[in-house]
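Q: Could you take me through one part of this model in detail, namely how the helices pack against each other? I'd like the residues that do the work, not just the outline.

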Amino acid sequence: MENTALIPVPPISVDDDDEENPQIIQNENDSRSSNSREPLVFTQPQFTHDFHLIYCRNQSPSDNFLMLAIIQLFLCSLIGVLALFCIIPALYFAVKARNAEMNGDIIRMYSKRQLALIFNFLGFFVGFINIIVNIYIINLLVSLSRYQ
């Protein structure tokens, strides 16, 4: 096997013409050496069906943000119902990601997992805004009850 990391340096010539235009000489040497080489082809390894079967047998399904969706579901049910519009789709996509992982469809698993994470974040922010609105409404009701 030839070590391609070591590239030979072209010999330095003593001619006066070579010293005037060293860039031209370098480019000519590069073109001659590049023509003799074959082009390098870079490819990524592709998953095979055997990989998916081995992956399914040896691995338990990952969480895929299912636990986060379940925890937020219980917390948001105590806080208010606005965040449930984001948490329920997050729960759905987390279950779909687990099913895709167990079927060996890694690409679909990653896409569903990403959607579950996005809906979990949206549910968190909507739940946080819901808490702030609830506190503001409670303070408003308390201040109105003092005047009556």
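A: Let's start with helix H5 (residues 84-103) and helix H6 (residues 106-147), whose axes are 8 Å apart and which pack at an angle of about 160 degrees. Angles over 145 degrees count as roughly antiparallel, and H5 and H6 are therefore roughly antiparallel to each other. Their crossing is left-handed. Keep in mind that this is a predicted model.

Who makes the contact? On the H5 side the residues are Cys86, Ile87, Pro89, Ala90, Phe93, Ala94, Lys96, Ala97, Ala100 and Glu101. H6 answers with Arg108, Met109, Lys112, Arg113, Leu115, Ala116, Phe119, Asn120, Leu122, Gly123 and Val126. Sorted by class, the residues of this H5 and H6 contact come out as 14 nonpolar, two polar and five charged.

Helix H4 (residues 66-79) packs with H5 at an angle of about 155 degrees, and the axes are 9 Å apart. That makes H4 roughly antiparallel to H5, and H4 passes H5 in a left-handed crossing. From H4, the contact uses Leu66, Ala69, Ile70, Gln72, Leu73, Cys76 and Ser77. From H5 come Leu84, Ile87, Ile88, Ala90, Leu91, Ala94, Val95 and Arg98. By class, the H4 and H5 contact has twelve nonpolar, two polar and one charged residues.

Between those two helices there is a loop, and Leu82 is found in the loop between H4 and H5. Leu82 touches Val126 and Asn130, leaving aside residues up to four places away in sequence. Leu82 and Gly127 are 45 residues apart in sequence, yet their C-alpha atoms are 7.0 Å apart in space.

That leaves H4 against H6. The axes of H4 and H6 come within 11 Å and cross at roughly 20 degrees, which makes H4 roughly parallel to H6. Here too, H4 passes H6 in a left-handed crossing. Leu68, Ala69, Gln72 and Ile79 of H4 meet Asn120, Phe124, Gly127, Asn130, Ile131 and Asn134 of H6.

An unreviewed UniProt entry places the feature "transmembrane region" at residues 65-94 and 115-138. In the model, residues 65-94 are 83% helix and 0% strand, with the end C-alpha atoms 6 Å apart. Residues 115-138 are 100% helix and 0% strand, and their end C-alpha atoms lie 34 Å apart.

Key: Residues numbered from 1 in each chain as written. Predicted model: local features only at pLDDT ≥ 70, side-chain atom pairs only at ≥ 80, totals over all residues. Heavy atoms only, no water. Axes fitted to C-alpha atoms, helices over the stretch in contact; angles between N-to-C directions. Helix = DSSP H or I, 4+ residues; strand = E, 2+ residues; numbered from the N terminus. Parallel < 35°, antiparallel > 145°, perpendicular 65-115°, else oblique. Left-handed = near helix turned anticlockwise from the far one by under 90°. Contact = heavy atoms within 4.5 Å. Nonpolar A, V, L, I, M, F, W, Y, C, P; charged D, E, K, R; others polar. UniProt positions renumbered as here; feature names shortened; annotations may be inferred.
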